[in-house]
Amino acid sequence: LPYVTGGMASGYIHAAEGTTGSFVTGTGSEFHFGWTGGAGVEAMIDPHWSAKVEYLYTDLRNGHVFTDIVGGGGAYWTESEQMRFHVIRAGLNYKFTPGPSFLAVLPPNPGPGGGPWHWSGYYAGVNFGGGAGSASQSDSVFDRGSYDVGGTVIGGTFGYNWQNDRWVYGVEGDLDYSSIRGGTSGIVDFVTPPCSGGAGPVANCDTKLTWLGTARGRVGMVWDRLLPYVTGGLAVGSLESSEGSPAAPAIFGSGTVTRAGWTAGAGLEAKIDDRWSAKFEYLYVDLGSGKGFTDTYPGGALVDEDVTFHAHLLRGGLNFRFN
């Protein structure tokens, strides 16, 4: 059942600005109302159960969230926040009135004597999904703190499985293009950390994951045409990070670094027929901490900037088996 959907959306937004002692401070929470639209695909697993994957774009619009206190109480400003975001969700539904099953139109189990489905051999495929997490920047002078990152990933997969009765063991690698990025902005006064408040020119901190590759092991157990599995191994990614600009403020720098870390997660793969399968998986990716670029400080001093990155990924995929 491919479908389109749309309607009203509501959300509870919390926002804050400044810290204790800042010239401008405020915090608060409000319900916002807006709209949402998207599309998805739902499939009957048996006469009662169905599974779905859907995408939604949501706009909670612009509205009042809290009131800023300016200059220690001398003035008050109404602070508005606007929030828009993309959501990719998977779901499982129960239908109270039984109906025809999606399984009835799929090819029967090709295994001998109705045994477990055959998963061994080489396979290749494509994947698409999204991720969200956090990055941070710091050096020997300032700790900028962490900020949120998010975006999409798309790429290809190649792997090999061994099967012993219902147990499946495998190795899998993938390489994805990534648009996962995030940043924050603040003030540079050479007392308060840049990108964190103060009373000087604005600084921008930014980090983007441009590509991500993983090399992982997989272990799963066949359940009819389904293969639930756990996975983990090496993760390698390229990070582009920057702070400020040569024009303003006085602190600036940028650079690209390839970083190795680790990943772990779990997923569910389902046979469509004896060659094609679809999967949905979660991965946690940690690219650790290390030098990302070099900052130029006032007077020309150079300071190494450390960048950390970790993210949660949700991906769907389609695989083709060669044997």
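## Surface and burial

Accessible areas are computed by the Shrake-Rupley method with a 1.4 Å probe, and for residues only the protein chains shown count as cover. On this basis the chain exposes about 16,300 Å², of which carbon and sulfur atoms supply 62%. Of the 323 residues of the chain, 40% are buried (under 20% relative accessible area; exposed means over 50%, and partly exposed lies in between, with a 1.4 Å probe and protein chains only).

This is a predicted model, in which local features need pLDDT of at least 70 and side-chain atom pairs count only at pLDDT 80 or more, while totals for chains, interfaces and linings use all residues. Residues are numbered from 1 along each chain as its sequence is written, and side-chain values use heavy atoms, with hydrogens and water left out.

## Strands and contacts

The chain has twelve strands and zero helices (DSSP runs numbered from the N terminus: strands are E, at least two residues; helices are H or I, at least four). Among contacts (heavy atoms within 4.5 Å) between residues at least 6 apart in sequence, 66% join residues at least 24 apart.

## Ala-260

Ala-260 belongs to strand β10, residues 253–271. Ala-260 counts as exposed because its relative accessible area is 52%. Leaving out residues up to four places away in sequence, Ala-260 touches Leu-234, Ala-235, Val-236 and Leu-287. Leu-212 lies 48 residues from Ala-260 along the chain, and their C-alpha atoms are separated by 9.8 Å.
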